[in-house]
Amino acid sequence: GEGEYMMELSIGTPPQLIPAMIDTGSDLVWLKCDNCDHCDLDHHGETIFFSDASSSYKKLPCNSTHCSGMSSAGIGPRCEETCKYKYEYGDGSRTSGDVGSDRISFRSHGAGEDHRSFFDGFLFGCGRKLKGDWNFTQGLIGLGQKSHSLIQQLGDKLGYKFSYCLVSYDSPPSAKSFLFLGSSAALRGHDVVSTPILHGDHLDQTLYYVDLQSITVGGVPVVVYDKESGHNTSVGPFLANKTVIDSGTTYTLLTPPVYEAMRKSIEEQVILPTLGNSAGLDLCFNSSGDTSYGFPSVTFYFANQVQLVLPFENIFQVTSRDVVCLSMDSSGGDLSIIGNMQQQNFHILYDLVASQISF
């Protein structure tokens with residue numbers, strides 16, 4: 001929905017299945033709850049979380065160590081008889097409500113629906129008030145690196161690792177992506193490659209920073225023209241310690257100098273008429289209905305000599321019969337984000353113990 005990937009969280013006693021967006025770019029897990037203001041309950045009322053209907057749901061007391069610990073996680077707890085949360089995202093959207101705990105469960109790997117792994121006392125936000133467009137999801141599953149994310153809360157039991165394989169946007173609705181937790185998240189095979197997760201005091205501890213060192217288009221390195229020196233320079237310095245991988249962002253967003261260089265390189269290699277903005281994307285071509293035209297592949301080069309070769313469907317989006325657009329844009333700032341469009345059809349493992357991401 002809306003360029004995002006969803007999972008069903010089984011929560012409560014008896015279990016309630018709530019569809020929520022997966023997001024490696026944030027930590028908090030929250031769901032739309034009963035008595036929620038601006039939650040579009042008339043349309044989605046059947047899938048919100050009814051806390052009163054769960055015998056295992058508990059509100060978190062103000063004097064709980066978990067409540068006070070949320071300050072360091074940026075969740076901004078406050079007390080009004082019980083612990084409350086408030087969380088804001090980069091686009092200005094917000095959620096607030098009660099901090100609660102309940103039982104969650106997942107289907108065990110290789111087992112039927114009746115074989116499940118249960119986890120009691122899982123902390124999450126019971127959303128009572130929202131700001132922003134949350135109509136396409138009933139909540140958000142934070143998979144970031146801070147203490148209140150799903151992977152950190154369950155880390156002792158799941159080995160602090162998860163992986164996912166995101167199906168293509170062009171796949172039929174029946175095609176399902178998979179999120180693996182714990183031992184089932186392992187990657188196997190001779191073609192597995194790994195790159196470090198970067199850490200540092202100056203980096204946001206939630207986000208998964210990677211060392212993206214260079215980019216090629218059709219095998220030709222993307223370079224930035226330096227006006228001061230009058231020479232071309234590598235994109236590496238513009239990406240170093242400034243690139244994150246994020247399942248909750250749709251298109252890859254590159255810092256402006258790199259995006260402009262990328263855009264120029266694509267234009268030089270695609271011999272088709274360019275068009276104006278389409279579907280919110282900046283660089284589009286008139287393909288005259290021929291999507292088999294030889295668009296170049298793009299390769300991302302990460303630390304540890306990791307090469308991620310992105311095929312047509314990971315780089316270009318067919319927005320209509322005669323229009324093909326580059327599914328990237330400028331971030332407008334210093335941070336570059338590798339979005340989920342570019343992650344399609346790769347099995348990606350996040351291992352927080354080894355501090356690396358594998359493809």
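Guide: Here is a walk that starts at the annotated site and then moves on to salt bridges, a sheet and a few backbone details. Please keep in mind that this is a predicted model.

Let us begin with the record. An unreviewed UniProt entry gives the annotation "active site" to Asp-23 and Asp-246. These residues are spread over 224 residues of sequence, yet they cluster in space, with a largest C-alpha distance of 6.8 Å. Both Asp-23 and Asp-246 are included in the lining of the second largest pocket.

Take Asp-23 to start with. You will find Asp-23 in strand β2. Its relative accessibility is 5%, and because buried means under 20%, Asp-23 counts as buried. Who surrounds this residue? Setting aside residues up to four places away in sequence, Asp-23 touches Tyr-89, a run made of Leu-140, Ile-141, Gly-142, Leu-143 and Gly-144, and then Asp-246, Ser-247 and Gly-248. A polar atom of the Asp-23 side chain also lies 3.0 Å from the backbone nitrogen of Gly-25.

Now turn to Asp-246. Asp-246 sits in the loop between β17 (243–245) and β18 (252–254). With 10% relative accessibility, Asp-246 counts as buried. Leaving out neighbours within four places in sequence, the contacts of Asp-246 are Asp-23, Thr-24, Gly-25, Ile-337, Ile-338, Gly-339, Asn-340 and Gln-343. The side chain of Asp-246 reaches the backbone nitrogen of Gly-248 at 3.0 Å.

Pro-14 lies in the loop between β1 (6–11) and β2 (16–23). The peptide bond that joins Thr-13 and Pro-14 is cis, with omega at about -5°.

Next come the charged pairs. Side chains of opposite charge can pair when their charged atoms come close. How many salt bridges does a search of the whole structure find? The search finds eight. One of them brings together the side chains of Lys-59 and Asp-98, at 4.0 Å from N to O. This pair links distant parts of the chain, with Lys-59 in strand β4 (residues 58–59) and Asp-98 in strand β7 (residues 94–107), 39 residues apart. Lys-59 is partly exposed at 43% relative accessibility, whereas Asp-98 is buried at 4%.

Strand β7 takes part in another such pair. The side chains of Arg-103 and Asp-120 meet in a salt bridge of 2.7 Å, N to O. Arg-103 lies in β7 and Asp-120 in strand β8 (residues 116–131), so the bridge ties together parts that are 17 residues apart in sequence. Arg-103 has a relative accessible area of 29% and is partly exposed, while Asp-120, with 57%, is exposed.

A further salt bridge joins Asp-351 to Lys-161, with the closest N and O atoms 3.7 Å apart. Asp-351 belongs to strand β27 (residues 347–351) and Lys-161 to strand β10 (residues 161–165), so this pair ties together parts that are 190 residues apart in sequence. Asp-351 is buried, with a relative accessible area of 11%, and Lys-161 is partly exposed at 22%. Salt bridges that share partners also join Asp-34, Lys-59, Lys-84, Asp-98 and Arg-128 into one network.

Let us move to a sheet. Strands of a sheet pair through backbone hydrogen bonds, either parallel or antiparallel. Here, an open sheet of four strands has the order β19-β20-β24-β23, and its pairing is antiparallel. β19 (274–275) and β23 (316–320) stand at the edges with a single partner strand each, so one side of each has no neighbour in the sheet. Two bridges join β19 to the antiparallel strand β20 (residues 284–286). Look there for Leu-275, which stands opposite Cys-284 in β20.

Two loop residues complete the walk. Asn-304, in the loop between β21 (298–302) and β22 (306–310), has a phi near 70°, a positive value in a residue other than glycine. Asn-304 is exposed, with a relative accessible area of 53%. Ser-355 has a positive phi too, near 55°, and its place is in the loop between β27 and β28 (356–358).

How values were computed:
Residues numbered from 1 in each chain as written. Predicted model: local features only at pLDDT ≥ 70, side-chain atom pairs only at ≥ 80, totals over all residues. Heavy atoms only, no water. Buried < 20%, exposed > 50% of the residue type's maximum accessible area, 1.4 Å probe, protein only. Pairing = 2+ DSSP bridges. UniProt positions renumbered as here; feature names shortened; annotations may be inferred. 1 Å grid on protein atoms, 1.4 Å probe; cavity = no way out; pocket = protein on both sides within 12 Å on 5 of 7 lines; lining within 4 Å. Contact = heavy atoms within 4.5 Å. Polar contact = N/O pair within 3.5 Å; in protein donor to acceptor, adjacent residues only side chain to side chain.
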